[in-house]
Amino acid sequence: VEEVRLDDGTRAARKVFDPSPRMNLAGPELAKAQLRFANEVRMQRELATHGGFPVLFDALGETPPWFVMPIAERSYETQIADDRAAGNVSHGPLVDILSALEAMHRLDFVHRDLKPANALFLDKRWRLSDFGLAMNPTGSMTTRLTSTGSGWGSVPYMAPEQTTNFKRVRPT
């Protein structure tokens, strides 16, 4: 993710499909990762009105593909550090984050990479971002992209069932 300036001078964030060389993606696995990136944009756009972070525009047909979103004012990770320094716990972020999760789950979406860095503050509201591992179990696209026995996510924040059956994680 990099900061960019739009034509009107507004600061924005551009996320470019650029898998780490450590992932050693080639052939079918690279194609799956590119489909997952396009799916991330689709889901993030669809969930923007339900507590997700908005997508301003995308260029999924370019090489490499990318999309643009607003710059967040802060992440929940930063909020936690500020709260700890002040000896305080801010309840507002938790209400927004849980409301967004509840809305996502009602729509049968599962985030699968929820962590403080993926909750962002924008327009006086905390929103969820980074839908690269999200899925809609009632849809077919993500299930085809997630291999049986695969495990993804941020280990300290993963639900126990996600470590053993990532493909079958459900909102409940």
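Mentor: Let us start with strands E6 and E7, which pair in the antiparallel sense over four bridges. This is a predicted model, in which local features need pLDDT of at least 70 and side-chain atom pairs count only at pLDDT 80 or more, while totals for chains, interfaces and linings use all residues. Residues are numbered from 1 along each chain as its sequence is written, and side-chain values use heavy atoms, with hydrogens and water left out.

Trainee: What makes E6 and E7 a pair of strands?

Mentor: Two strands pair if DSSP finds at least two bridges between them, and E6 and E7 have four bridges, so they qualify. Within this pairing, Leu120 stands opposite Arg127 of E7. The names come from DSSP runs numbered from the N terminus, where a helix (H or I) has at least four residues and a strand (E) at least two.

Trainee: Why are E5 and E7 said to stand at the edges?

Mentor: The open sheet of three strands has the order E5-E6-E7, with antiparallel pairing. Strand E5 (74-75) and E7 each have a single partner strand, so one side of each is left without a neighbour in the sheet.

Trainee: Which elements make up the chain as a whole?

Mentor: The chain has five helices and seven strands, and from the N terminus these elements run β-β-α-β-β-β-α-α-β-β-α-α.

Trainee: What makes Glu2 and Arg14 a salt bridge?

Mentor: A salt bridge needs a side-chain nitrogen of Lys or Arg within 4 Å of a carboxyl oxygen of Asp or Glu. The closest N and O atoms of Glu2 and Arg14 are 2.3 Å apart, so this pair meets the cut-off. The two residues are 12 positions apart, with Glu2 in strand E1 and Arg14 in strand E2. The structure holds nine salt bridges, and Lys15, Glu40 and Asp130 are linked in a network of them.

Trainee: Why is Arg45 said to tie parts of the chain together with Asp58?

Mentor: Their side chains meet in a salt bridge at 2.8 Å, N to O. Arg45 lies in helix H1 and Asp58 in strand E3 (residues 57-59), so the bridge joins parts that are 13 residues apart in sequence.

Trainee: How do you know whether Arg106 is buried or exposed?

Mentor: Buried means under 20% relative accessible area, exposed over 50%, and partly exposed in between, with a 1.4 Å probe and protein chains only. Arg106 has 63%, so it is exposed. Its salt-bridge partner Glu102, with closest N and O atoms 3.9 Å away, has 49% and therefore counts as partly exposed. Arg106 and Glu102 are four residues apart in helix H3, which means a separation of about one helical turn.

Trainee: Why is Asn118 called buried?

Mentor: Asn118 has 6% relative accessibility, which is under 20%, so it counts as buried. Asn118 sits in the loop between H3 and strand E6 (119-122). Leaving aside neighbours within four places in sequence, its contacts (heavy atoms within 4.5 Å) include His111, Arg127 and Ser129. The C-alpha atoms of Asn118 and Ser129 are separated by 5.1 Å, although the two are 11 residues apart along the chain.

Trainee: What makes a group of residues a nonpolar core, and which residues have the most contacts inside the largest core?

Mentor: A nonpolar core is a set of buried Ala, Val, Leu, Ile, Met, Phe, Trp, Tyr and Cys residues joined through side-chain atoms within 4.5 Å. The largest one has 14 residues, and those with the most contacts inside it are Ile97, Met104, Leu128 and Phe131. Helix H1 (27-47), H3, E6 and strand E7 (125-128) each supply at least two residues of this core, and H3 gives the largest share, four residues. A second, separate core of 11 residues includes Ala13, Val41, Phe67 and Leu120. Over the whole chain, 42% of the 172 residues count as buried.
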